[in-house]
Structure formats: C-alpha cells, structure tokens
Amino acid sequence: MSSYADRLAALRQQLKADRLDGFVVPLTDEHMSEYVGSYAQRLAWLTGFQGSAGSAAVLPEEAAIFTDGRYTLQVREQVDGAHWSYQSVPETSVADWLEEHAPEGGRIGYDPWLHTKDWVKRATKALSEKGAELVAVRRNPIDAVWADKPEPSRARLIVHSEEHAGKSSAAKRQEMADWLKEQKADSAVLSALDSIAWTFNVRGADVEHTPVALSFALVHDDGTADLFVAPEKIGDDVRQHLGNGVRIHDRSEFEPHLRSLSGKTVVADPERAVSAIFAALEQAGAKVVQKRDPAVLPKAIKNQAEIDGHRAAQARDGAALVRFLHWLSLEAPKGALDELGAAARLLEFRKACGELRDTSFDTISGAGPNGAIVHYRVSEETNRPIELDSLYLVDSGGQYPDGTTDVTRTVAIGAPSAEMGDRFTRVLKGHVAIARAVFPEGTRGSQLDSFARQYLWAAGLDYAHGTGHGVGSFLAVHEGPQRISPVGSSQPGGDEPLRAGMILSNEPGYYKAGEYGIRIENLVLVVSVEVDGSEKKTLGFETLTFAPIDRTLIDIDMLSDGERGWVNGYHAQVLEIVGPQLDGEVRGWLEEACAPL
C-alpha cells in the first residue's frame with residue numbers, strides 16, 4: 001500500500017496534468033452525507049484522517065486539513081504534520097485559507113458533486129480577491145490516482161414496514177404534493193439519503209452504520225415520484241412496495257433527467273443538494289426554488305409508531321448495555337482487558353438480543369487519555385489496556401428495525417481521583433439541567449446549550465462539541481435539523497425551534513488532554529409539558545435511554561436536592577424498564593448500581 005506522502009505526491013502530479021494549481025477534498029459524498037460509503041472516503045485515503053467531519057486543500061507546495069474542536073487531538077495523531085498544516089474550524093475555513101495561500105491567478109479545482117452551491121459562491125469570492133478562479137472538474141482527480149478505489153455498494157434495498165414507519169410512503173408523498181402546490185412548484189429534488197429512505201419507507205446497506213441506499217429522487221405535485229437507483233438493487237418485494245406511483249430509473253440517469261426539466265418549477269435544498277444539481281437545473285432552464293427538502297422536518301418529528309418503536313429499541317439496548325457494564329465491573333479490575341476487547345464484548349451483548357442490524361457508529365472505547373479524544377476510534381495501533389484507577393469512556397449505539405440508539409457512559413475502574421469526581425459531577429449537573437429543562441414552544445437548541453455548560457464554566461472549564469444532535473428512526477444517528485449547540489458553532493442546526501416529537505441526545509462532557517475524558521449521554525424526546533398557570537405552550541424532555549450512571553464518580557455534596565431527586569428517579573426507571581429483562585447476578589448488580597444516592 002502506498003504511503004500517505006506518496007498519495008499526496010500522486011495527487012499533485014495529477015493536478016499538474018489537469019492544469020490545476022490546487023484541489024479541495026471534503027469528507028462527504030454526492031448526497032452531502034456525514035457518514036459515507038467506502039468509495040467516497042477520499043479524505044481518509046489521502047490523509048489518513050478517520051474522523052466523520054473534515055476537509056482538506058492541496059496546493060503545489062503546501063496542504064492543509066480542516067477539522068472542528070471534536071478532532072483537535074485525533075487529527076494530530078492520524079495526519080502527518082510534516083505534509084499537512086492543521087486548521088481549526090470555525091476559526092478559519094477552506095475559503096479563508098485559500099484566499100491567503102492560493103497562488104496569484106491560480107486555478108483551484110473542486111468536484112461539483114461534493115460541495116453546496118453556497119460553498120462554491122464563498123470560495124469563488126475568496127479566490128477572486130487573489131485573481132484566482134475556482135474550477136469545476138468533470139472527473140475527481142483523486143479517483144484518477146486511487147488505484148484500488150472500492151466500487152459503490154450493490155446491496156439490495158429492504159422494505160421498512162408501515163408498522164415501524166407509522167405512515168405509508170403514498171401518504172408521505174401526498175403531503176409533499178400538497179406542500180408543493182402551496183409553493184406553486186412542480187417537483188422537489190430529494191438527494192439526502194435519509195430523506196429518500198424515510199419518504200419511500202425503504203432502508204439499505206450502502207453506508208456503514210446508516211441503513212440507507214445510494215439513490216436520488218424527485219417527488220411531484222401529483223404524489224408520484226421518480227427514484228434513481230441501480231436497478232440490481234431493487235427486488236420484486238421493493239418494486240411491489242413502491243407501487244405504480246414510483247417510476248424507477250438507473251442512478252446514472254439522474255443528471256440527464258434534471259436537464260430535461262425545462263420550464264418546470266423545482267424545489268432544491270441549498271444545504272443538502274450539491275452544486276451540480278443546481279447547475280443541471282439552471283442549464284435546463286428550470287425555475288429553481290431554494291427551500292428545505294420537504295422530508296427533513298416531518299422525518300425529525302417522530303409519529304407515535306416511531307416513538308413506541310424507539311422506546312422498545314431503547315429497553316432492549318439498555319439491557320445489553322447493563323449486561324456489558326456488569327461484565328466490565330468484573331473483568332476490568334483484573335487488569336487484562338483492553339479497549340478492543342471491551343468494544344467486541346459490548347457488540348456481542350447487543351447481538352445477543354437478536355434484533356441488531358448494525359451499530360449506529362463505530363464504538364468509542366476510550367481508556368484513560370484516549371477518552372479525552374472526543375470522537376476516538378480504537379484500532380490495533382491505538383488500543384490501550386483499561387488500567388486500574390483510571391476512567392473508561394464508552395460511547396456506542398445500535399441500529400434496530402424499530403429505532404436507533406446512542407448512549408455514553410463513563411466508568412471508574414478502581415478508585416477515581418477527587419478531580420475526576422468533581423469534573424464528572426459538573427458534567428452530570430449539566431446533563432440533569434437539560435433533562436429537567438422546561439421551555440416555551442419556539443425555543444431553539446442554541447438557547448438551551450449553556451444550561452449544560454454552566455457548572456463547567458463556573459470552574460473555568462468547557463467542552464468543544466455541541467450538547468445534543470437529532471437522531472433518526474432506524475436511520476442516521478446524527479439527524480437534522482435540530483441540535484443543542486452554541487450559536488455560530490461548526491455544527492449547524494442550533495437555530496431550529498424544538499418541536500414535540502423530536503429526538504435529541506443530551507451529552508455534555510469534559511476532556512483533560514493526555515489524562516481522561518468524561519461524557520454522559522442519554523437520548524431525550526421533546527414532549528408537551530403541563531405547567532400550572534402557564535401562559536404559553538410549554539415543552540420539556542422525556543429521557544429515553546436507560547442505563548445506570550456510575551455512582552462512584554458522583555460527589556453527592558455538589559448536587560442540589562432537585563438534582564439528587566432526578567438521579568434517584570432516573571435510576572428507579574432504569575430498574576423498572578431494564579430490570580425485568582435480567583436475572584441472577586446481573587439483576588443484583590443493577591439493583592446495587594441503581595440504589596438511591
């Protein structure tokens with residue numbers, strides 16, 4: 001296998017042959033996905049970076065990699081600083097960096113199937129300050145030098161039953177058709193893979209951890225649709241499920257089809273549809289209306305069947321996690337356990353429930369200093385033993401037909417230090433503040449974010465990630481449009497009003513570089529709350545995740561009566577929901593772990 005330095009050199013040779021003075025490499029695919037299929041892992045192939053968000057810019061003499069605060073430590077461990085400079089987002093951006101570093105009059109290439117229209121506009125403007133130009137390439141130069149590039153997955157689509165979906169695809173498309181008529185539009189482009197999966201009640205296996213299928217779609221004002229997907233991926237069951245209202249075309253016909261929409265009014269989402277889609281529509285002479293993809297909001301607001309399914313998935317997942325935590329309490333103190341061994345055992349416990357389809361992301365199994373790497377991914381090279389008198393952080397989740405889970409627990413192995421207990425309790429107090437929050441309808445996630453940080457801030461501490469992300473229904477573990485994150489953060493969505501039915505994570509943390517990491521994560525459901533004398537419709541959160549929080553790390557004196565009451569009430573619920581699924585020693589361990597503070 002060629003070294004990363006050789007790959008960078010090969011790309012520079014290819015750029016020279018293509019008469020380009022630079023190229024931009026984002027971590028995404030033609031659908032603006034966060035998690036991408038192996039064929040689209042161009043950033044990882046070029047640089048060695050294994051995170052789920054980042055981008056790079058390559059010039060003849062220098063190259064830079066751009067990541068946000070979640071990856072500050074990880075990028076330095078995985079990407080060679082001799083060849084790449086590390087750039088921090090949102091403090092800088094690819095466009096800002098190019099404005100400063102691109103050669104005068106240079107031609108900087110980009111793949112129009114991997115960038116939004118807004119990004120192209122910003123980068124074009126930045127480069128024009130230098131007299132340089134942004135050039136759309138017809139073939140991605142990385143694909144020209146990536147000799148053993150994997151083919152896109154050929155996995156077949158599966159039907160997502162109406163029992164789990166709660167609404168038929170025809171009903172969803174009819175609601176979109178009614179919306180299109182209100183917009184005076186003929187059609188809407190769906191290019192986000194989870195929007196397509198949700199709209200057509202199908203799932204796939206084309207992207208690790210996210211059950212989606214590589215496809216594009218157009219939904220029309222009469223409720224019919226065109227679905228563009230490799231024909232060998234569609235079996236008779238899916239064809240019958242989709243029915244006569246959905247015309248199936250090869251995925252390669254999507255761009256030519258867009259070019260045939262002359263005179264049509266077409267909705268396309270500037271955040272989710274790539275620049276090439278807008279270019280094809282504009283060249284066709286279609287009138288393009290820039291509005292959010294009509295699946296995004298209804299997908300985020302779960303219906304009763306999806307909520308019930310999620311609760312069932314959480315109860316099952318909670319039992320697997322408790323079995324793991326019990327096993328960990330016995331094995332870790334013996335001193336023979338490492339991060340890979342722990343992650344493998346957790347997967348076995350999840351598989352044993354019989355319903356697991358996949359993990360919802362790569363398990364973060366972080367011992368000691370590796371726990372301080374926010375999105376750490378254990379490998380043979382980084383694998384550490386789980387040592388006595390240290391902290392172990394495990395962030396994991398499952399994909400089940402009835403729901404997607406995501407949970408983090410931080411566990412003391414042996415005796416924690418007083419500082420560890422202090423930091424853990426501050427994180428817990430922030431977690432409880434979100435869990436107990438009551439707020440008027442229309443409140444945005446960004447308005448709640450500081451609830452979780454206040455106790456860390458009081459000690460001059462913080463964490464460099466959002467407090468919560470949306471979660472799909474047997475779909476993406478990171479789902480928009482809602483988030484709980486600070487204004488102006490590198491992860492958008494904090495400005496979306498929270499609505500009843502949305503599911504989010506509640507995951508404050510604290511990370512001491514080189515020593516340990518702490519995170520406590522549950523999923524929560526936005527629900528209507530009755531408040532005596534309330535003059536406004538009021539919302540709050542119902543916690544959906546059930547697994548004990550390590551009592552040995554809690555400094556009880558730092559908790560208020562209300563916080564102590566919440567922890568005790570939560571542990572009583574864990575016992576009530578997870579307890580009946582366990583017996584013997586595990587059940588006894590859980591009763592002890594959930595004893596009142």
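Predicted model: local features only at pLDDT ≥ 70, side-chain atom pairs only at ≥ 80, totals over all residues.

User: What makes Lys-299 and Asp-194 a salt bridge?

Analyst: The rule asks for a side-chain nitrogen of Lys or Arg within 4 Å of a carboxyl oxygen of Asp or Glu. Lys-299 and Asp-194 have an N to O distance of 3.1 Å, so the pair qualifies under that limit. Lys-299 is in helix H13 (residues 296-300) and Asp-194 in helix H9 (residues 193-200), 105 residues apart. Helices here are DSSP runs (H or I) of at least four residues, strands are runs (E) of at least two, and both are numbered from the N terminus.

User: How many salt bridges does this rule give?

Analyst: The count is 39. Glu-563 and Lys-429 are another, at 2.8 Å. Glu-563 lies in helix H18 (residues 561-578) and Lys-429 in helix H16 (residues 418-435), so this pair ties together parts 134 residues apart in sequence. Shared partners also join Asp-194, Lys-299, Lys-302 and Glu-479 into one salt-bridge network.

User: Why is Arg-272 called buried?

Analyst: Buried means under 20% relative accessible area, exposed means over 50%, and partly exposed is in between (1.4 Å probe, protein chains only). Arg-272 has 14% relative accessibility, so it counts as buried. Lys-299 and Asp-194 are both buried. Glu-563 and Lys-429 are buried too.

User: Why is the pair of Trp-45 and Trp-146 called stacked?

Analyst: Rings of Phe, Tyr and Trp (its six-membered ring) pair if their centres lie within 6.5 Å; planes under 30 degrees apart are stacked, over 60 edge-to-face, the rest tilted. Trp-45 and Trp-146 lie 5.5 Å centre to centre with 20° between the planes. Trp-45 is in helix H2 (residues 42-47) and Trp-146 in the loop between helix H6 (141-145) and strand E7 (158-159), so the pair ties together parts 101 residues apart in sequence. Trp-45 is buried at 9% relative accessibility, and Trp-146 is buried at 8%.

User: What makes Phe-66 and Trp-97 edge-to-face?

Analyst: Their ring centres are 6.1 Å apart and their planes stand at 85°, so the pair is edge-to-face. Phe-66 lies in strand E3 (residues 63-67) and Trp-97 in helix H4 (residues 94-101), so parts 31 residues apart are tied together. Both Phe-66 and Trp-97 are buried.

User: How do you know that the charged end of Lys-172 sits over the ring of Trp-198?

Analyst: The test needs NZ of Lys or CZ of Arg within 6 Å of the ring centre and within 35 degrees of the ring normal. Lys-172 sits over the ring of Trp-198, 4.0 Å from its centre. Arg-453 likewise lies over the face of Tyr-463, at 4.0 Å from the ring centre.

User: Which residues of H8 and H9 meet?

Analyst: Contact means heavy atoms within 4.5 Å. Ser-169, Lys-172, Arg-173 and Met-176 in H8 meet Trp-198, Thr-199 and Phe-200 in H9.

User: Why is Val-477 called buried?

Analyst: Val-477 has 1% relative accessibility, so it counts as buried. Val-477 lies in the loop between strand E22 (468-470) and strand E23 (479-484). Leaving aside neighbours within four places in sequence, its contacts include Tyr-35, Phe-361 and His-469.

User: Why is Met-32 called partly exposed?

Analyst: Met-32 has 27% relative accessibility, so it counts as partly exposed. Met-32 also has a positive phi of about 55° although it is not a glycine. Most residues other than glycine have a negative phi, and most peptide bonds are trans.

User: Which peptide bonds are cis?

Analyst: The bond from Val-89 to Pro-90 is cis, with omega near 10°. A cis bond also joins Gly-480 and Pro-481, with omega about 5°.

How values were computed:
Residues numbered from 1 in each chain as written. Heavy atoms only, no water.
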